[in-house]
Amino acid sequence: MNMNMKRITPLALSALLLGTVAVGAESPANTSQPIQIEETNNIASFVQMQGTIDSIENRKDQTFFSTADKNNPFNFTTNEDTLVFDKKGNKVELKKGDKVSIYTHANQPMLAIYPPQYNPAVIIVEDDKVASSAKVTTFNKEFLSEDEDLKLNIGDDTVIVNEKGEKLGKEALAGKDAIVFYTFATFSIPAQTTPEKIIVLSKDENDSADEKPALEVAPFTNVKGAISSVEKLANGTTQFSVTDENNPFHFTTDKNTIVLDKKGNKVELKKGDKVSMYMHANQPMLLIFPPQYSPAVVIVEDEKSPTNVVVTDFNEEFINKENDLKLNISDKTVIVNAKGEKVGKEALLENHHAIVFYGATTRSIPAQTSPDKIVVFPKVTDEIVAEEGEKAAVLEEAKEVNEVVVEEAKEIDAKIATLIGKDIREVDGKVMVPLRKVAEGLGFKVDTTTTKTGAIVSKGALSYTITRGEKTYGHNRALAQFEVAPALLESGKTYVEYDFALQLLN
């Protein structure tokens with residue numbers, strides 16, 4: 001027996017057996033006719049994402065989850081209306097380490113941020129040991145799913161309920177969104193199953209009048225991490241790296257970035273600092289990995305401090321835009337602008353954002369607090385935010401580098417400069433250039449199929465074997481040494497020392 005054969009799950013095996021029985025009983029003798037599969041253009045009602053919960057953060061009116069998949073990280077939030085079930089249709093609580101499938105309405109607006117953030121309507125906690133399946137979709141009056149790949153044969157034992165657990169008749173399913181829990185399915189097209197449980201979702205076009213009013217979009221998005229490296233750039237900005245394996249990212253600060261501790265005092269960022277960054281929610285972002293942010297505000301966290309910090313906008317009643325915090329400003333509340341100059345509480349309403357530092361809150365909705373300190377700073381228009389985003393994009397695309405690289409780049413050979421343009425980086429004081437661009441531009445062949453972590457560069461009798469992360473490389477049958485190991489500094493792009501590019505040129 002071939003020991004490399006893939007394991008067949010009980011569900012797949014059962015489906016296969018059932019399908020075989022169905023075909024054997026009902027198929028005509030002549031089976032030479034090809035199966036006709038009709039393509040459909042139906043748009044799914046839900047978008048599905050899968051991941052493993054890595055962290056959980058309880059917020060005032062929702063819970064924030066992040067996932068650990070390095071290749072497809074995403075965040076999602078839940079509130080009191082989010083439906084969370086196991087694979088048998090029982091309500092469960094989410095916890096760290098759970099493998100989940102989340103289902104979000106396909107027409108739901110999303111912020112253009114990275115990692116993406118979802119607000120799912122339904123979450124299914126996956127369990128490899130349970131031989132059951134779950135599907136979230138819309139069914140027609142014939143109990144056929146909108147993607148036409150599952151048909152329900154509703155039996156007497158099928159439990160049909162609404163979100164509250166109240167029993168319904170099968171007629172309630174027609175035209176509605178539903179969660180279907182089932183074990184076996186035939187191997188036909190569409191597959192057919194007798195479901196164990198169906199939960200009919202109440203939200204549809206007829207319920208729009210009963211929906212809760214939508215909360216306004218928060219003016220800022222928040223990302224947290226610990227600084228692992230600091231680099232001064234030639235354009236006057238400082239770049240910081242966060243190398244958390246589950247959520248790596250970079251961010252830059254300039255003279256306009258507000259950097260405060262949890263008491264509202266100005267501080268300098270340094271390696272090892274745990275920070276919370278606040279970016280304008282409507283700020284354009286480059287879709288690169290790791291992501292790069294340009295925060296308006298950076299707060300240095302201190303786990304020993306009981307102070308809370310929020311960055312948002314407030315209305316004339318001093319209720320924030322998210323409608324979860326109301327400020328009771330007292331004579332002891334210090335209110336200043338970004339320069340530290342005292343201002344009146346009316347400044348919160350005069351086209352300003354606010355950074356609020358506070359302690360205890362009430363348990364009311366919204367929560368109320370008497371803040372210790374408020375720092376206000378001017379709002380910027382969407383046009384200015386977009387313009388700043390475009391500038392950041394231009395800087396990233398131009399690969400702005402530090403003074404060491406700029407100085408050394410002046411000496412780059414004209415032919416190599418033509419090949420790479422401004423696509424240069426700096427690592428440990430060495431100029432790094434893109435290997436493939438240079439090598440292929442100089443007539444070398446670059447083979448990456450025989451090695452997963454590098455390339456073989458060859459032309460005629462010359463051959464070089466490059467491995468990312470390794471300073472030693474092969475040169476024909478000899479070994480040579482880099483000062484700085486080749487590195488994957490951009491997705492799908494390996495960079496090597498400029499000196500190696502000169503070696504190829506000469």
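Me: In which sense do strand β25 and β27 pair, and over how many bridges?

Reply: The model is a predicted one. Strand β25 covers residues 352-358, and β27 covers residues 373-378. Within this pairing, V356 has I374 of β27 as its bridge partner. The two strands pair in the antiparallel sense, over 6 bridges.

Me: Which residue of β27 is the bridge partner of I335?

Reply: Strand β24 (residues 334-337) is joined to β27 by 4 bridges, and these two strands run parallel. Strand β27 is mostly covered, with 5 of its 6 residues buried. The bridge partner of I335 in β27 is I374.

Me: Which residue of β32 stands opposite I456?

Reply: Strand β31 (residues 454-459) is joined to strand β30 (residues 445-447) by 3 antiparallel bridges, and D447 stands opposite I456 there. Strand β31 is also joined to strand β32 (residues 462-467), by 6 bridges in the antiparallel sense. In β32, the residue opposite I456 is T465.

Me: Which residue in the turn between β31 and β32 has a positive phi?

Reply: Strands β31 and β32 form a hairpin, with 2 residues between them. In that turn, a positive phi of about 60 degrees belongs to G460.

Me: Is the aromatic pair of F65 and F76 stacked or edge-to-face?

Reply: By the rule used, there are 14 aromatic pairs. The rings of F65 and F76 lie 4.8 Å apart, centre to centre, with 10 degrees between the planes. The pair links strand β2 (residues 63-67) to strand β3 (residues 75-78), its members being 11 residues apart. Planes under 30 degrees apart count as stacked, so the pair of F65 and F76 is stacked.

Me: Is F65 buried or exposed?

Reply: The relative accessible area of F65 is 4%. The cut-off for a buried residue is under 20%, so F65 is buried.

Me: Which residues form one aromatic cluster with F444?

Reply: A pair of aromatic rings is described by the distance of the centres and the angle of the planes. The cluster that contains F444 also takes in Y464, Y473, F482 and F500.

Me: How many residues apart are K87 and E126, which form a salt bridge?

Reply: The structure holds 14 salt bridges, and in the one between K87 and E126 the closest N and O atoms are 3.6 Å apart. K87 lies in the loop between β4 and β5 (99-105), and E126 in the loop between β7 (122-125) and β8 (133-138). The two residues are 39 residues apart.

How values were computed:
Residues numbered from 1 in each chain as written. Predicted model: local features only at pLDDT ≥ 70, side-chain atom pairs only at ≥ 80, totals over all residues. Heavy atoms only, no water. Buried < 20%, exposed > 50% of the residue type's maximum accessible area, 1.4 Å probe, protein only. Pairing = 2+ DSSP bridges. Phe/Tyr/Trp six-rings, centres within 6.5 Å; stacked < 30°, edge-to-face > 60°. Salt bridge = Lys/Arg side-chain N within 4 Å of Asp/Glu carboxyl O.
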